[in-house]
Number of protein chains: 4
Amino acid sequence: MRALILNCTLPTSPEQSSTEALLHVVAMAMRQDEIDVDVVRVVDHDVQPRVTDDDGVGDAWPAILALLREAEILVIATPTWPGPTSSVAERVLERMDALISETDDAGRPFAYNRVGGIIVAGNEDGAHRVIADVAHSLIDIGYTVPGQAWTYWNMGPGPGPSYLETDHGPEWSERAGRTAAANLAAVARALAGRPMPAPGD
Amino acid sequence: MRALILNCTLPTSPEQSSTEALLHVVAMAMRQDEIDVDVVRVVDHDVQPRVTDDDGVGDAWPAILALLREAEILVIATPTWPGPTSSVAERVLERMDALISETDDAGRPFAYNRVGGIIVAGNEDGAHRVIADVAHSLIDIGYTVPGQAWTYWNMGPGPGPSYLETDHGPEWSERAGRTAAANLAAVARALAGRPMPAPGD
Amino acid sequence: MRALILNCTLPTSPEQSSTEALLHVVAMAMRQDEIDVDVVRVVDHDVQPRVTDDDGVGDAWPAILALLREAEILVIATPTWPGPTSSVAERVLERMDALISETDDAGRPFAYNRVGGIIVAGNEDGAHRVIADVAHSLIDIGYTVPGQAWTYWNMGPGPGPSYLETDHGPEWSERAGRTAAANLAAVARALAGRPMPAPGD
Amino acid sequence: MRALILNCTLPTSPEQSSTEALLHVVAMAMRQDEIDVDVVRVVDHDVQPRVTDDDGVGDAWPAILALLREAEILVIATPTWPGPTSSVAERVLERMDALISETDDAGRPFAYNRVGGIIVAGNEDGAHRVIADVAHSLIDIGYTVPGQAWTYWNMGPGPGPSYLETDHGPEWSERAGRTAAANLAAVARALAGRPMPAPGD
């Protein structure tokens with residue numbers, strides 16, 4: 001079983017990323033469960049704004065899409081400033097929109113029997129909105145979102161330190177992250193054992 | 001296998017409900033799949049605004065909750081005027097909030113291995129937002145939301161006729177409703193076959 | 001100049017309300033600015049689920065609506081459990097929907113030249129989403145939402161104490177509340193001085 | 001008085017844009033009202049993902065920001081596929097986040113006494129959610145969002161033709177667009193006549 005975690009933080013490598021610190025907890029838990037995990041920092045790649053699979057020369061989306069095709073588990077990890085989903089995460093979901101009409105030989109949409117999760121690290125309020133928005137996009141494409149397949153960190157109210165700058169509340173976020181990893185794996189395995197059929201008419 | 005569909009329309013019975021007309025398609029598809037389906041029009045009952053299981057004498061929530069406990073599949077069906085989720089649906093989700101801390105003997109949250117879906121009938125734009133909001137609340141409580149486990153109807157832009165007053169686009173909504181029924185059943189059965197474990201530490 | 005603050009908390013009086021504690025800061029700032037402020041705890045009244053002005057005998061909405069008609073400034077104060085707007089606030093906004101088609105003698109929608117603000121007190125993340133949702137409903141009806149006409153409090157991540165149970169961060173929330181009061185008053189006065197016209201064709 | 005309309009469509013020029021067709025109605029109405037209107041197709045410029053004013057060599061944001069500084073009226077025009085705000089619009093709002101802490105000599109945040117509006121052209125449901133999200137971001141930064149300062153077009157349910165491909169309902173969207181233009185101008189002028197003060201303590 002393979003997982004792909006897309007880090008949708010804004011700064012490019014090697015700049016430090018709170019989102020990366022939190023997603024690391026989820027990745028570690030998955031690896032201990034014998035799941036192969038790829039982590040891609042999307043902003044290090046030049047993903048063009050389009051709604052097709054491939055935008056031609058210079059577009060980095062096809063390479064990320066190749067990893068996504070191999071993964072039964074997809075996790076979108078994103079910061080929030082302050083409130084909405086990051087533009088990098090929105091771009092990923094926009095590009096994934098082309099997968100809605102893609103089916104396998106049995107007529108099953110690409111994302112059926114795959115599962116999706118969400119990680120949000122903001123220094124201010126906004127995580128539940130981001131989880132709602134990303135979960136919605138994933139479900140729309142056909143991913144199944146398991147119960148409590150998310151974690152988040154923030155510290156309100158108003159502006160404040162980031163996840164890496166304070167010791168406020170990481171235990172809760174880390175425990176929720178391990179639960180998310182377990183739930184994603186459990187539902188992915190249940191669907192592998194008894195897959196969803198293709199839609200009828 | 002049992003399903004509970006909560007019709008969160010605003011008018012009480014016997015007034016006509018577009019939401020009911022659309023949820024009927026989903027209920028029919030489930031029954032053909034040998035799933036027992038209960039449909040409750042929530043507004044006919046006096047559900048009090050609280051975040052506990054039981055608000056005492058006169059509160060109708062415990063009766064609805066009893067049905068909800070028996071159902072592996074929950075569908076929230078709601079209208080939208082214009083944009084947000086109906087207050088009746090929000091109240092149901094608020095009351096369900098008490099289920100977050102309820103676990104079975106194995107330590108599993110109440111909603112694990114149960115699945116949730118969404119039906120929206122508005123005469124104006126707003127369905128995707130409602131689907132996002134309701135899916136988020138369900139996932140938060142621990143329900144798994146299968147890929148494409150929703151349907152909606154509307155006709156934009158601006159105010160216009162309701163689902164029962166026009167023949168604009170019902171086929172798409174009905175087909176999406178049958179797909180939602182199939183996906184809810186498939187994921188519920190997969191989870192029955194190989195259940196999610198209790199969260200660890 | 002008059003303001004109406006609707007406390008959309010779930011528990012009825014005299015139970016303690018964190019939302020009330022935070023809205024008190026806004027009310028005090030308005031009164032110091034010579035604005036008459038009414039505060040109504042909506043759940044103490046029996047507001048029926050409808051989208052009309054008056055639901056007949058036993059419906060408490062007409063009384064609240066009468067206060068709302070006198071107020072140039074409307075503030076929706078709501079808790080969040082965990083994530084969405086409270087069902088009480090959604091019901092208020094649903095009932096206000098009937099105001100969309102009401103105009104004065106000059107053809108101006110009811111809410112033109114009135115301003116709206118938002119207060120959110122949750123013990124967990126969700127405030128920005130609630131602010132977005134309530135602001136949207138107000139703008140939809142025709143209210144103008146001034147810049148930074150909101151405040152919120154929460155303390156994440158995950159469940160935790162409420163506003164009245166901790167001394168975490170109230171200064172930021174209170175200062176933002178005073179700014180919201182000033183901005184609501186400033187924009188209401190600007191619009192009183194130079195009102196928006198009726199829509200053309 | 002100056003307005004800046006940012007077209008946040010995904011395809012670059014000269015590809016046809018439904019969003020552009022709808023924003024043209026708003027731009028025309030503003031020009032007839034003697035407002036100078038700039039229209040920028042953001043995707044034609046290389047706006048980098050950052051939360052600062054200037055990302056250095058090759059970043060096109062400073063040029064757009066210069067126009068934004070001159071405009072009392074800002075309109076975000078965006079498509080939706082299917083549901084969320086476009087990644088291009090999210091990027092603009094992310095870059096604008098740096099304006100939150102910028103004040104004039106009197107201590108007033110940059111966006112005070114400026115107004116914001118929203119235009120959404122999707123071929124499917126999602127406009128109200130986008131309006132809520134963008135309005136929220138603008139209000140957060142300090143822009144005032146006038147009542148009914150938005151328009152949208154879509155045609156549901158499910159996938160379908162775009163605004164430029166059908167004659168379904170453009171009159172409603174165009175009339176709402178002219179109203180939005182008038183309301184943005186009216187509130188901008190009211191605020192110019194009697195400006196919001198700087199926040200106190």
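# Chain contacts and salt bridges in a predicted multi-chain model

The area buried between chain B and chain D is about 1600 Å², and carbon and sulfur atoms give 54% of that. Buried area here is the accessible area (1.4 Å probe) that two parts lose on being put together, summed over both. Chain B and chain A bury about 2700 Å² between them, with 61% of it on carbon and sulfur atoms. This is a predicted model: local features need pLDDT of at least 70, side-chain atom pairs count only at pLDDT 80 or more, and totals for chains, interfaces and linings use all residues. Residues are numbered from 1 along each chain as its sequence is written, chains are lettered from A and ligands numbered from 1 in the order in which they are written, and side-chain values use heavy atoms, with hydrogens and water left out.

**Chain B against chain D**

- In contact (heavy atoms within 4.5 Å) are 21 residues of chain B and 21 residues of chain D.
- In chain B, Asp125(B), His128(B) and Pro157(B) lose the most area to chain D, together 40% of what that side buries.
- The count of salt bridges between chain B and chain D is 0. A salt bridge is a side-chain nitrogen of Lys or Arg within 4 Å of a carboxyl oxygen of Asp or Glu.
- The rule does find 12 residue pairs in polar contact across the interface of chain B and chain D, both residues at pLDDT 80 or more. A polar contact is a pair of N or O atoms within 3.5 Å; within protein, one must be able to donate a hydrogen and the other to accept it, and residues adjacent in sequence count only if both atoms are side-chain atoms.
- α4, β5 (150-153) and α5 of chain B each supply at least two residues of the side that touches chain D. Helices (H or I, at least four residues) and strands (E, at least two) are DSSP runs, numbered from the N terminus.
- α4(B) gives the largest share of that side, 4 residues.
- By class, the side of chain B that touches chain D has 9 nonpolar, 9 polar and 3 charged residues. Ala, Val, Leu, Ile, Met, Phe, Trp, Tyr, Cys and Pro count as nonpolar, Asp, Glu, Lys and Arg as charged, and the others, Gly among them, as polar.

**Chain B against chain A**

- Here 33 residues of chain B are in contact with 33 residues of chain A.
- The elements of chain B that give two or more residues to the side touching chain A are α4 (127-141) and α5 (170-193). α5(B) gives the most, with 9 residues.
- That side of chain B divides into 19 nonpolar, 8 polar and 6 charged residues.

**Symmetry**

- Chain B can be laid on chain A with an RMSD of 0.0 Å by a turn of 180° and a shift of 0.0 Å along the axis. The two copies are thus related as by a two-fold rotation axis. Copies are superposed by least squares on the C-alpha atoms of residues with pLDDT of at least 70 in both.
- 100% of the interface residues of chain B are also interface residues in chain A, so the copies meet through the same surface.
- Chain B can also be laid on chain D with an RMSD of 0.0 Å, by a turn of 180° and a shift of 0.0 Å along the axis. Again, 100% of the contact residues of chain B recur in chain D.

**Helix α3 of chain D**

- 10 of the 10 residues of α3(D) (residues 87-96) are buried, so this helix is largely enclosed by the rest of the structure. Buried means under 20% relative accessible area, exposed over 50%, partly exposed in between (1.4 Å probe, protein chains only).
- The cover over its buried residues includes α3 (87-96) of chain A, together with β1 (2-7), α2, β3 (73-80) and α4 (127-141) of chain D.

**Salt bridges**

- Over all chains, the count comes to 40 salt bridges.
- Glu15(D) and Arg50(A) meet in a salt bridge (3.3 Å, N to O) that crosses between chains.
- Arg41(D) and Glu20(D) also pair (3.4 Å, N to O). Arg41(D) lies in strand β2 and Glu20(D) in helix α1, so the pair ties together parts that are 21 residues apart in sequence. Arg41(D) is buried at 8% relative accessible area, whereas Glu20(D) is partly exposed at 34%.
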